[in-house]
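Please consider the sequence and the model shown here. The paragraphs that follow lead from the overall dimensions to the strands, the cores and a few individual residues.

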Amino acid sequence: MPVNFLNLAGLNVTDFKESETEYHVRATPVAVSRLCPHCGRSNETVSHAQRKLVIRDIPAHGKAVVIHLDVPRLKCRPCNQTFTAMVPEVDTGREMTERLARWVGRQALEYTYADIAKQVGVNEKTVRNIFDEYVASLDMQFKRETPVWLGIDEIKLQRFRAIFTNLQAKSLIDMLPDRYGTSIVAFLASLPNKSRITHVGMDMWRPYRIAVQKVLPNAKIVVDKFHVVSKANVAFDTVRRKIANADKGSSLGLKRAHKLFAKRKNDLNDEQYLTVSGWLNSFPELAAAYDLKERLFQVYEATAPEEAWGKYLNWESTIPPEMAKAFRPVKTAFRNWKPFILNYFDDQRVTNAFTESFNAKVRAVYRNGRGYSFERLRAKVLYTDMFQKRVRVQEKVRVRKQKFEDVAMVRFMCMGTAMDDEYETRIQTRVANLGVDLSTLEQAFDSGKF
Ligand SMILES: [Zn+2]
């Protein structure tokens, strides 16, 4: 009989059976805790009865492992209550070994709840509960540095999820299951050292703005440049689609050229340029829309807020009446978000870290990945160790000088207050976790290693 089969120091194996799909092990605890859970007294208990527990353990050699464990029922004399003795390394409530619970938590990052449940021989709900607990412990373990420039982005994985980034470190701090105002407020409020946040980059989603104004009243809100100019791309597309609908002969070709139209004129190679200008020459309305789209980018060549606003107003005044409807969303954006769009042109050029191409990669992983739930994707992205961006930071800390207490007391009595020279500045080094390095994560996506 393989005595060491379980390799758990706390259990003596007394019998062992093997079937096609399961190992059955009979065991007794080497020692139990006699602590009464009702009154907290440990010493005055008597053995009352024996209880047979059926405990699951980590699958071995492709088979589920079941431990039949004999555990004493104890009676507490002072409070007259009976209880099952605690066995080290066994989670009696869950009817599994503690190491199985940890294993299930880790496995749930890679496999579906259903797969794990089947392999271990428990139900899916148990796997989900263990995973939630495991993720909560990871949330505690991976404390992230609050950024100076915070980015709020979103990604559509079934629905919109808010994403928080460190814009200077180009790292991911957290992802939320939704992007509701209440969730954003709660997340921002939970950040330590909030006052260090000077800038918040975001797209034009009102709940973000309201949440930041409420929780981070001193942070400067900057609308991400990409989200502003992409409004012009959307407007151009409206015109393109209208033309394609009216002229069926060109509709497929116009659709195919969609990605070329979205590029900046200067980014097109010769062949692409010929294709684009061919379409523009055939449809004057398309050319007018293209010209508007291209010229909106020029607003971002400004070097100061007033100049940018001037360039914008000039642009707005050149919208032909027949383009007014298609380009209205651009106008609305500038009117509703003016100060926050112009903040970009202040001292710092804050832009968001989450690009469209990165978004597309995350979406692809979510779609193709073996039945990813959002929670699983989030945990795997945020807590895979090799993705962490850790840096050593040196900080000045003000600490009170070590002194004899009586000396300090005499001073206190004489001066009425502790003097400044009782404090000193020390340099302290610590490791800061800046979150998930976006380029490392992207490499993992690209190489299929995620
Ligand atoms: Zn008791």
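**Overall dimensions and confidence**

The protein has a radius of gyration of 31 Å, whereas a compact globule of 450 residues would have one near 22 Å; the radius is taken over C-alpha atoms, and the globule rule is 2.2 Å times the number of residues to the power 0.38. Along its principal axes, the C-alpha trace spans about 95 × 80 × 35 Å. This is a predicted model, in which local features need pLDDT of at least 70 and side-chain atom pairs count only at pLDDT 80 or more, while totals for chains, interfaces and linings use all residues. Residues are numbered from 1 along each chain as its sequence is written.

The mean pLDDT (the predictor's confidence in each residue, from 0 to 100) is 90, and 94% of the residues reach 70 or more. Confidence is lowest in helix H15 (residues 405–415), with a mean of 51, and highest in helix H5 (residues 206–215), at 98.

The secondary structure comprises 16 helices and 14 strands; helices (H or I, at least four residues) and strands (E, at least two) are DSSP runs, numbered from the N terminus. Buried residues amount to 27% of the 450 residues. A residue is buried if 20 or more other C-beta atoms lie within 10 Å of its own, exposed if 12 or fewer, and partly exposed in between, with C-beta atoms placed from the backbone. Of the contacts with a separation of 6 or more, 60% are made by residues 24 or more positions apart; a contact requires C-beta atoms, placed from the backbone, within 7 Å.

**The sheet**

An open sheet of 7 strands has the order S12-S11-S8-S9-S10-S14-S13, with mixed pairing; two strands pair if DSSP finds at least two bridges between them. Strands of a sheet pair through backbone hydrogen bonds, either parallel or antiparallel. The edges are formed by strand S12 (220–223) and strand S13 (388–400), each of which pairs on one side only. From one strand to the next, the twist averages 35°. Axes are lines fitted to C-alpha atoms, for helices over the stretch in contact, and angles run from 0 to 180 degrees between N-to-C directions.

Within this sheet, strand S10 (residues 171–175) is mostly covered, with 4 of its 5 residues buried. S10 is joined to strand S9 (residues 159–166) by 4 bridges in an antiparallel arrangement, and Phe164 stands opposite Asp174 in S10. The hairpin of S9 and S10 has 4 residues between the strands, and there Lys170 takes a positive phi near 50°. S10 is also joined by 2 bridges to strand S14 (residues 423–437), again running antiparallel; here Ser171 stands opposite Asp437.

Strand S11 (residues 199–202) and S12, by contrast, run parallel and are joined by 4 bridges. Gly201 has Val222 in S12 as its bridge partner. Helix H16 (residues 438–446) packs on the sheet, touching S10 and S14, and its direction makes about 20° with that of S14.

**The nonpolar cores**

In soluble globular proteins, nonpolar side chains tend to be buried together. A nonpolar core is a set of buried Ala, Val, Leu, Ile, Met, Phe, Trp, Tyr and Cys residues joined through C-beta atoms within 7 Å. The largest core here has 58 residues, of which Val200, Val212, Val223 and Ile341 touch the most other members. Helix H12 (residues 328–342) supplies the largest share of this core, 6 residues. Beyond four places in sequence, Val200 touches Leu150, Ile152, Val212, Leu216, Ala219, Ile221 and Val222. A second, separate core of 24 residues includes Leu8, Ala27, Val71 and Tyr113.

**Individual residues**

Most residues other than glycine have a negative phi, and most peptide bonds are trans. His61, although not a glycine, has a positive phi of about 50°. His61 lies in the loop between strand S3 (45–60) and strand S4 (63–76) and is exposed, with 7 other C-beta atoms within 10 Å. Asn193, likewise not a glycine, has a positive phi of about 50°. The loop between helix H4 (181–190) and S11 holds Asn193, which is exposed, with 8 other C-beta atoms within 10 Å.

Lys311 lies in helix H11 (residues 305–317) and counts as partly exposed because it has 17 C-beta neighbours inside 10 Å. Lys311 touches Gln298, Val299 and Ala302, not counting residues up to four places away in sequence. Lys311 and Gln298 are 13 residues apart in sequence, and their C-alpha atoms are 7.7 Å apart in space.

Conventions. Two residues are in contact if their C-beta atoms, placed from the backbone, lie within 7 Å.
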